[in-house]
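Please read the report below with the sequence and the structure side by side, and look up each named residue as you come to it.

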Amino acid sequence: MSNKSKRFETTAIHEGYDAKEMLGSLSTPLFQTSTFTFDTAEQGERRFAGEEDGYIYSRLGNPTVSVLEERIAALEQGERGLAFGSGMAAVSAVLIALTKANDHIVCSSGLYGCTFGLLTMMKEKYNIAHDFSAMDSEAAIRALIRPETACIYVETPINPTMKLIDLKMVSDVAREFNIPVVVDNTFSSPYLQQPLELGCDVVIHSATKYIGGHGDVVAGLVVGKKDFLDSVAMTTQKDIGGIISPFDAWLLLRGLKTLPIRLDRHSDNAENIFGKLIDHSKVDRVYYPSDPDHADYPIYKKQMKRGGGIISFTIKGTKKDAQFLLNKLSFLKIAVSLGDAETLIEHPATMTHSVIPETVRNQMGITDQLIRLSVGLEAWEDIWEDLEQALNQL
Ligand code: LCS
């Protein structure tokens, strides 16, 4: 059943599923199967030849996964969605599909550590070069585009510095050169930011984060034009094989139903914690997109609905002080990942972004003093009380 005319909250619950087709089951059934039987050998031949619709084998498609793919495509306002076994499976499937040996990628000057690792590997193995750009003006982007530039790859907000990039500006420049723009929308989710509406071409999610929302799944999603995603499905997804399990797709469908209310609550809590952090004497800088004093606030106003649940901040002190602060927390959890019900805190320089060489890390703003906080769904006063007592001990 298509609910494409419906609002976001309704789409997040209904798109891509019709209970009437599934014996009235309210919850999307879990097709926990690796393969699908054919009535006859000839039917198998027709399915492989693409002459007859129908499922073949779960690496090539699965009914539970299909519902998830339709739902995320509708939420991101794209033509087709594809699900993967991790965010990195999604990132690598897209980047490998878009590039060939000796190509070039222009990236935002800040990326999740493993995306940085993938780009480094692509450079070493296939001579696919990359340049980082602050992307703070059209000229800054144009200056890096070469005949071999195969795509522009952007994170915004950037993990973990919370810098923002103007997606409309990037997509306008890219269109002059006919280069696709790929956006990692993990930090915002489609509820807070919709890159395809701003002219970008491909959206990627680590669905492990807000889309799952409960810290119990590792998964990835991609949305974009049908032609491009058809080719990804038949090449880098099928033949490299980083597919999602039906059960994980089922968990993501369940998570998506509450995405809007969770993101509103994450944002409410983060706004309150932000207000407290900026006034604490042991805190140096606080980075949160909806802060009117944030350098990128005008971009926030243009493209984000709310600030989301991630705050990063620097403390006055050293790496040892940052680690001391984490060790003094009582119920807030020291953990990587983000977007869960539980508040999670981590030290990017030694954890999520430790693979990035120190000099590059410092240029990106990932200093030893930087701490990333994924504000959870607990009572914000309890989150602050725990953080405050730890900060007070510095
Ligand atoms: N993109 C972004 C922006 C991410 O933050 C992550 C994971 C990925 C892609 C990869 O997704 P995964 O394969 O883990 O599903 N970020 C993590 C982080 O900041 N802490 O732990 C994982």
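The report that follows goes from the domains to the spaces, the helices and some details of the backbone.

## The model and its domains

The structure is a predicted model, and local features are described where pLDDT is at least 70. The domain assignment of the protein divides the chain into domain 1, which covers 8-257, and domain 2, which covers 260-392. Between the C-alpha centres of domain 1 and domain 2 there is a distance of 26 Å, and the contact of the two domains takes 40 residues from domain 1 and 40 residues from domain 2.

Rolling a probe the size of a water molecule over the atoms shows where empty space is left. In this structure there is 1 cavity of 30 Å³ or more, and the space in the largest cavity comes to about 30 Å³. Its lining is made up of P157, M162, F187, S188, L192, M304, G307, G308, G309 and I310. When these residues are sorted by class, the lining of the largest cavity has 6 nonpolar and 4 polar residues, with no charged residues.

Domain 1 (8-257) and domain 2 (260-392) each give at least three residues to the lining of the second largest pocket. By class, that lining has 9 nonpolar, 10 polar and 4 charged residues.

Two packed helices are described by the angle between their axes and the distance between the axes. Helix α10 (residues 246-257) packs against helix α11 (residues 259-277) at an angle of about 60 degrees, and the axes of the two helices are 5 Å apart. The two helices, α10 and α11, are therefore oblique to each other.

In the contact, G255, L256 and K257 of α10 meet L259, P260 and R262 of α11. The residues of this contact of α10 with α11 include 3 nonpolar, 1 polar and 2 charged residues by class.

## A residue in a loop

L144 is placed in the loop between α6 (138-142) and β4 (149-155). If its neighbours within four places in sequence are left aside, L144 is in contact with H104, V106, D131, F132, S133 and T149.

## Details of the backbone

Most residues other than glycine have a negative phi, and most peptide bonds are trans. A cis peptide bond joins T156 and P157, with omega about -10 degrees, and another cis peptide bond, with omega about 0 degrees, joins N159 and P160. P157 is found in the loop between β4 and α7 (167-177), and P160 is likewise placed in the loop between β4 and α7.

The residue L23, which is not a glycine, has a positive phi near 55 degrees, and L23 lies in the loop between α1 (8-14) and α2 (41-49).

Terms used:
Residues are numbered from 1 along each chain as its sequence is written. This is a predicted model: local features need pLDDT of at least 70, side-chain atom pairs count only at pLDDT 80 or more; totals for chains, interfaces and linings use all residues. Side-chain values use heavy atoms; hydrogens and water are left out. On a 1 Å grid over the protein atoms alone, a cavity is a set of points where a 1.4 Å probe fits but cannot get out, and a pocket is an open set with protein on both sides within 12 Å along at least five of seven lines; lining residues have an atom within 4 Å of a point. Grid points are joined across faces, edges and corners, and a volume is the space filled by probe spheres set on the points. Ala, Val, Leu, Ile, Met, Phe, Trp, Tyr, Cys and Pro count as nonpolar, Asp, Glu, Lys and Arg as charged, and the others, Gly among them, as polar. Axes are lines fitted to C-alpha atoms, for helices over the stretch in contact, and angles run from 0 to 180 degrees between N-to-C directions. Helices (H or I, at least four residues) and strands (E, at least two) are DSSP runs, numbered from the N terminus. Angles under 35 degrees count as roughly parallel, over 145 as roughly antiparallel, 65 to 115 as roughly perpendicular and the rest as oblique. Contact means heavy atoms within 4.5 Å. Domain bounds come from an automatic or database domain assignment.
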